[in-house]
Amino acid sequence: KLMNRFDQHNEIELNFFPTGNCTYLLYDKIVSVPSQRLTIFWGLTPHQIIDFQDICQYYVCTIPLSLFLSWDVPSHIVENLFAGQMLYDPIETRADYDRYLFEQWCHDMINSTTYEPALIEMKARIFRLGQHYSHIAESCHLEGRIHHSETKAVAQIALFIAQNYMHPIKTMDIAKHVGLHPDYANSIFKKAFGVSLHQHVTNERINHAQRMLLTTDNPITDIAWSCGFNTISRFNSAFLKQNGCTPREYLRKRKEEGSSGKK
């Protein structure tokens, strides 16, 4: 469906449109997305669907940036994504294969207790994309939407947080790493994300905790430490604020949803 405003999220997004045409406003560009091609972009880049035709369904999968970076994806793919480009597979004959993969990934995410097989396949698919010459989706530029200098700085900040949120980092540490004053770093990041640096670090930690709750049997206390929290009370408070339930309740609800989905 059409999007009324820009969306942003610190994940890598994979799209696949079996039929029809879709048009994105991506950062400062109007981008035409090819049908029947695996398409990939960085969700931090402001994006908005502004037009589509003859699309009955489409597939979307997202990969946390910290996980994506741990895969050592070919550098030319990463560099293009961080530059705000939308990439797509140049080979047309893989459409049936990609549709099968997306359907399987969606099934795994809804019905499985572990996402590992789907993540392994996503990683392999992105590496295969990197083995071939990569196409950048055709686009035309708009003027004056967003300052390029700010977007580059925000990308550097988001990358640093994605790689270090499990450590005891503060706003001062983040700003120092990217060579900015803490107030300015916080200001431009909030402009892009709608949240402060501190809140974004907390969100990344909670997102990691959710993944660990669903994919490991580790004790909740161990999960809290490994995600960067220094007290259980802060972990529980942050988790409750973001999810509306405690970690234990969250895990129970997801297990119940998985059980009902398999009946």
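C245 is buried in this predicted model, with a relative accessible area of 3%. C61 also counts as buried, at 7% relative accessibility. Neither cysteine belongs to a disulfide, because the structure holds zero of them. For C61, the closest cysteine sulfur is that of C106, at 4.8 Å, which is too far for a bond. The cut-off for a disulfide is a pair of cysteine sulfur atoms within 2.5 Å.

In soluble globular proteins, nonpolar side chains tend to be buried together. Here the largest nonpolar core has 64 residues, and F68 and I157 have the most contacts inside it. Helix α5, which spans residues 148-164, gives the most to this core, with eight residues. Another core, of nine residues, lies apart from it, and C22, Y24, F41 and M86 are among its members.

Not counting residues up to four places away in sequence, F68 touches I12, I63, V73, V78, L81 and I126.

Helix α5 can be followed through V154, which lies in it. V154 counts as buried, because its relative accessibility is 4% and the limit for buried is under 20%. Leaving aside neighbours within four places in sequence, V154 is in contact with L44, I188, F189, A192 and F193. The chain also brings N186 into this part of the model: the C-alpha atoms of V154 and N186 are separated by 9.5 Å, with the two residues 32 apart along the chain.

Key
Residues numbered from 1 in each chain as written. Predicted model: local features only at pLDDT ≥ 70, side-chain atom pairs only at ≥ 80, totals over all residues. Heavy atoms only, no water. Core = buried A, V, L, I, M, F, W, Y, C linked by side-chain atoms within 4.5 Å. Buried < 20%, exposed > 50% of the residue type's maximum accessible area, 1.4 Å probe, protein only. Helix = DSSP H or I, 4+ residues; strand = E, 2+ residues; numbered from the N terminus. Contact = heavy atoms within 4.5 Å.
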